[in-house]
2 protein chains.
Amino acid sequence: MTITYQHLKDGSAAEARAAIRAGQYQGHTAGLGSGVLQANLAIMPEKYALDFMRFCQRNPKPCPLTGVSDTGNPMMATLGQDIDIRTDVPAYNVYRDGKLAETVTDIQALWQDDFVAFALGCSFTFEHALQRAGLPLWHVENNTTVPMFRTGIDTVPAGPFSGKMVVSMRALPQDRVEQAAGISRRYPLAHGAPVHWGDPAEIGIQDITRPDWGDAALVGAGETPVFWACGVTPQVAIETAALPLCITHKPGHMLITDVSENAEVPDYRT
Amino acid sequence: MTITYQHLKDGSAAEARAAIRAGQYQGHTAGLGSGVLQANLAIMPEKYALDFMRFCQRNPKPCPLTGVSDTGNPMMATLGQDIDIRTDVPAYNVYRDGKLAETVTDIQALWQDDFVAFALGCSFTFEHALQRAGLPLWHVENNTTVPMFRTGIDTVPAGPFSGKMVVSMRALPQDRVEQAAGISRRYPLAHGAPVHWGDPAEIGIQDITRPDWGDAALVGAGETPVFWACGVTPQVAIETAALPLCITHKPGHMLITDVSENAEVPDYRT
């Protein structure tokens with residue numbers, strides 16, 4: 001039995017995860033589990049976990065750490081009721097030696113006793129807050145993927161993890177940029193305030209019409225491009241590190257947690 | 001040559017650290033390096049570092065992680081210009097097997113190639129913000145140490161690290177408690193919003209006049225006791241874990257960073 005996106009859209013986070021775990025839904029998660037944090041995912045052997053955690057601590061805007069499993073334990077105990085990271089994400093990318101080897105919908109067969117799973121906050125959270133404030137989001141209105149760019153900004157390295165920061169761009173009316181910055185700053189678990197707005201060249205972006213990931217988006221008259229740190233940054237750092245084995249979510253196919261989007265700390269029990 | 005507290009009080013963070021490194025100042029750091037984050041300190045062998053980092057991630061209010069060194073590297077590169085964690089803190093407590101073994105003013109002789117140093121935000125930051133808003137702080141006005149209590153609230157364990165949450169108490173006028181909560185919530189690197197206010201028994205505190213650490217403070221008529229998560233929590237967790245060797249700062253004798261108190265992320269270069 002397959003469950004449709006439309007059906008899950010009206011349900012809870014737990015219902016969405018149950019359908020995903022049962023293999024009944026393998027699509028993207030935007031708009032599911034209304035009001036809860038969704039998360040980017042990175043799973044790797046413990047050997048690399050301390051360095052990756054240092055990388056996240058040193059680059060909290062692109063890599064806002066929201067949950068870390070115990071070594072070998074697939075349950076994300078702080079992020080929700082009964083979250084098994086091996087089955088509860090719609091699709092996973094498996095990287096071997098830094099290269100995408102396969103995309104799967106379940107990683108039970110790949111799970112290792114030395115794996116540590118990391119959940120990192122994502123932009124859905126601050127986008128919802130911007131929308132509640134009446135700010136227009138072109139990529140949402142036009143049903144495209146937000147444009148993402150590799151910048152000239154260096155991340156702070158940790159062990160094998162390093163690279164340039166990736167940002168996502170949303171064009172906003174000039175006179176509402178400060179408001180958007182103030183709103184998103186309240187969400188440190190979801191990339192926080194923008195890293196830049198205005199001239200893209202200042203952060204090393206040569207052509208705003210040609211994103212490195214996602215779809216191009218219009219910057220209208222009277223609008224300013226606003227750039228937020230993006231969860232693709234750790235993905236690039238992981239590829240650069242070329243770990244023998246590392247598993248991430250498939251972009252757009254996130255972990256749906258039970259933590260409220262407005263939570264001060266990423267623990268669904270508080 | 002000894003440098004007085006009064007002399008350093010008017011200087012920069014770098015001046016204070018230079019005096020501390022030179023052995024010219026070994027006192028407490030409250031009020032020094034005006035406007036910058038100060039930090040609690042925990043140094044331990046790498047073997048325990050991933051679990052300690054998970055403990056901090058899972059308990060961000062008592063343990064707001066602001067900086068982590070590379071293994072064996074005593075420089076806290078993200079927290080300031082030329083911070084050597086072996087010499088730049090006025091006094092250190094050395095724990096062996098979970099027990100305080102000695103207090104020293106320099107740990108160059110104790111430093112190990114496998115050490116990882118952790119800096120955790122402290123309450124000075126949000127206290128300054130409360131003071132700027134005109135909120136009275138009894139312990140500051142009376143030149144005593146803030147009262148701290150062991151609560152009945154369990155921390156989220158990680159590996160050998162566990163225990164009850166420790167809180168600090170500040171009594172505030174009833175009608176200004178919400179304001180104080182709102183202000184301190186803006187400082188996630190410094191314990192964030194209070195964990196509780198009102199009846200101390202609700203969080204397992206039996207006698208508000210008998211703190212477990214610090215000095216008793218008056219709760220005046222019309223005042224409400226307000227409780228914030230406290231940096232003594234990781235200290236207790238470290239003692240419970242009974243690591244063979246662990247070094248912390250001596251209470252009140254903190255690391256003075258170059259990171260602004262109002263920084264969104266704990267990196268002095270941003």
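Here is a short tour of the structure, stop by stop.

**Before you click.** This is a predicted model, so local features need pLDDT of at least 70 and side-chain atom pairs count only at pLDDT 80 or more, while totals for chains, interfaces and linings use all residues. Residues are numbered from 1 along each chain as its sequence is written, with chains lettered from A and ligands numbered from 1 in the order in which they are written.

**Stop 1: confidence.** The mean for chain A is 96, and 100% of its residues reach 70 or more. The model scores ipTM 0.96 and pTM 0.97.

**Stop 2: two domains.** Select 5-123 plus 244-260 of chain A for domain 1, then 125-233 for domain 2; such bounds come from an automatic or database domain assignment. Their C-alpha centres lie 22 Å apart.

**Stop 3: where they meet.** Here 17 residues of domain 1 of chain A are in contact with 23 residues of domain 2 of chain A (contact: C-beta atoms, placed from the backbone, within 7 Å). On the domain 1 side, β1 (36-45), α3 (46-58) and β5 (115-121) of chain A each supply at least two residues. Helices (H or I, at least four residues) and strands (E, at least two) are DSSP runs, numbered from the N terminus. Which element gives the most? Show α3(A): it gives 5 residues.

**Stop 4: Phe52(A).** Leaving aside neighbours within four places in sequence, Phe52(A) is in contact with Ala42(A), Met44(A), Phe118(A) and Phe161(A).

How values were computed:
Contact = placed C-beta atoms within 7 Å. pLDDT = per-residue confidence, 0-100.
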